[in-house]
Amino acid sequence: MNTLLAVIIGMLTVYLTYTRYARRIDRNVIQSDPKRATPATLYMDGVDFMPTNKNILFGYHFKSIAAAGPIVGAIVAANLWGWLPAIIWLVLGVSFIGWASDYSGIVISIRNDGNSLSAIAHRLVSPRSRTILFMFIFFYLLVGASAFVGIMANVMESQPRTHLGIILLTAMGLLLGQMLYRWRTGLVGATVLTVGVTLLGILAGPWTEGIFKSFNAGLNAISGGTPLVTYFDPTLANFKGADAQIMPSLLFWAIAICVFCYAGSVLPIWRMAQPVVYVGFWISALSIVLGLVGAALATFIKPEVAQFVLPAFKGWNPQLGPAGIMPLWPMLFVTIACGAISGWHALFGSVGTARQIENEADMLPVGGGSMLCEFLLGLLALLAVAVGSKGAPVGAFATGLGGFISVWGVPLQYATSLAFAAFIVIVLVVTQLLFRVMRVTLSEWLGDVIPPVRSQHVSSFVCIALAILVVMTGTWIYLWQLLGGANQLMAALALLLVTVWLASVGKSWYYAGLPAVFMYVTTIASLLVTSYNLYFNVYQINLAAGRVVPVIGSGLMVMVALLLIVAALFIGFDGWRAFLRYRRRPAPAPTPATARA
Amino acid sequence: MHAGETIIPGVSFAGSLRGRAVAMLNRVFAERFARLREALARFMYGMTGFEFARHAVEMRHEMETVFMVVTMGDLIGIPVLPPVYSLRLLPYVVPEIATWKRNLARRKEFWEKEEYDLHGV
């Protein structure tokens, strides 16, 4: 297997899914009608509801759904089960489930006056489903933020070459916000300056590696070289598990990440979060485009970086730690989330993109098209890790992506630096947004009961403290799978809602209903497996060793997993009852389409 | 692009059937290329500047809300503030009233704000 063949498979998947399946559903089941008025045209308010060109929305929606998810998932899955199961799930997942979820999230909102999924669930399923969705979001954010902080702290501590780029990214993000919103500088000039300086900082990373290594050594000398915390990490020693140590340097970088996220959480959005995301977008987009085209060309130009090194299949139930189980079903299907299917996409599509769709004919290219592009991003991450399997999973990804970029003539050392930085940038910018949303969710949820959490500083601090506690368990793979489980469960619930809606309007519901059942059963099973792993592979081992922090952290994660299962059972039960209610009811008479203004 | 022009430099097919076919093909390709270029430009704008434009619109909306509240007294015939200022501003306000009212009247979920977008987690 080589990268060119994989890219061809990816392109064929996109073409066939879009033309042979998605278009048919759009035409025959949803019956999108260009003459029907959309909420954007009916309720145009100049802010949220605004008719927008489909190509602009395509770019906007794709950028909004594409980030760390498809990359981290593919890296973890390829290392656990091999590249073959991962690529099969990516292809089948996006073809039959992923595009349908993204597209349907937009469709259901457009056909329901631009309402969000929670509001539609409140009306169609049950009033309590809105509250459950609310709780889902909070825990989803908690495990997501914890997983990302854990991954980043480890990468930053072990890769001092990335530090200069990250420091400059922060500085340039702040400068960009000032330039655009205060000094009123043009976007093009400001972009060239800030992205250019950040890129130079990233490429200069190998030169400053020695300085930051000395800095880390100096930090570790404070404790005399002894670790601050010791915990059991089942991902170490080739997934057999071993004791890991938190050194002062790792704690320093974890705190630095939290300070960054705290600033991103409490400062006005234009001041930091938005411009940092924008600068980060260019860095990651550059790496991804160079990498994707490089992967296709590598077979002809640099064949040594195009051959798959990772085994195609590593087993149905690879070992992870002394007592862990990792069965391919259901764990693969939650480990790779965003590249195949993601619940957050549907949630975002329903409240963001759907309110700007100008014409019903744009629903498929924007919703389905963006998801198919996201699949290509997941495929690139999988290719990168499959060809560069040296060292830890993230290191393998960076080595592979660096190899693809080096096809363009960039020296491998700098190309790998760019790949490492791109990975950290993507994860970092997402993490600050996670904390921002989490503190808002917390203050909305508990603000009436505990008034102090209405303060953005208090709520941000609580969120960061909770995340750090979970990070101290040292089990980022389980955190990632918990995040994947919550995310996929949200996708299942979105598809369930679409199924209920299709039944309520007398349309064929199979294209959404069958994936909903599959994802619902799979994700609940995966949450049970993750709970089992956390309890027997982390909680009990750390308890036996008398380690307090990892015990509290892993105990908290087990509780979150069980809570998600209970919430899913409630909403599934309500959804099933609603579905039966609408199925037994006679189909409504077709209503004429409203003429567009 | 007209009949007689050519895609092969130095070779003219003016007047011939083949020449007209080539010219037509040229025109079709030129139009398709222009459409593709425009679509790509818009796609790039959607990924880059559109978010800033949306946020600027939201910031303007917040300002306009304050502004509307200030001028509302005059709109309904109650002179809350010295009307000399607000009356001068009224012509600019009136066209915005309908969209502003719709935006303000709609009940929002707290996570519906653009700033809570997670960018593809």
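**Chain contacts and helix packing**

Q: How many residues of chain A are in contact with chain B?
A: In this predicted model, 43 residues of chain A are in contact with 29 residues of chain B.

Q: Which helices of chain A each supply at least two residues of that side?
A: The helices are α3 (54-65), α6 (117-124), α7 (127-158), α13 (273-301), α15 (343-353) and α18 (412-446) of chain A.

Q: And which one gives the most?
A: That is α3(A), with 10 residues on the side of chain A that touches chain B.

Q: What is the make-up of that side by class?
A: The side of chain A that touches chain B has 28 nonpolar, 11 polar and 4 charged residues.

Q: How far apart are A:I65 and A:G447?
A: In sequence they are separated by 382 residues, and in space by 29 Å, C-alpha to C-alpha.

Q: New topic: chain B. What is its secondary structure?
A: Chain B has 4 helices and 0 strands, so that from the N terminus on its elements run α-α-α-α. Of its 121 residues, 14% are buried. Among contacts in chain B between residues at least 6 apart in sequence, 27% join residues at least 24 apart.

Q: Back to chain A. At what angle do the axes of α14 and α20 cross?
A: The axes of α14 (residues 328-335) and α20 (residues 476-504) of chain A cross at roughly 80° and come within 8 Å. The two helices are therefore roughly perpendicular.

Q: Which residues make that contact?
A: From α14(A) they are A:M331, A:F333, A:V334 and A:T335, and from α20(A) they are A:Q481, A:G484, A:G485 and A:Q488. By class, the contact of α14(A) with α20(A) comprises 3 nonpolar, 5 polar and no charged residues.

Q: What about α20(A) and α22 of chain A?
A: The axes of α20(A) and α22 (residues 548-584) of chain A come within 9 Å and cross at roughly 10°, which means that α20(A) is roughly parallel to α22(A). Residues in the contact include A:L482, A:G485 and A:L489 of α20(A) and A:V560, A:L564 and A:R583 of α22(A). The contact of α20(A) with α22(A) has 17 nonpolar, 4 polar and 1 charged residues.

Technical notes: Residues numbered from 1 in each chain as written. Chains lettered and ligands numbered in written order. Predicted model: local features only at pLDDT ≥ 70, side-chain atom pairs only at ≥ 80, totals over all residues. Contact = placed C-beta atoms within 7 Å. Nonpolar A, V, L, I, M, F, W, Y, C, P; charged D, E, K, R; others polar. Axes fitted to C-alpha atoms, helices over the stretch in contact; angles between N-to-C directions. Parallel < 35°, antiparallel > 145°, perpendicular 65-115°, else oblique. Buried ≥ 20, exposed ≤ 12 C-beta atoms within 10 Å, placed from the backbone.
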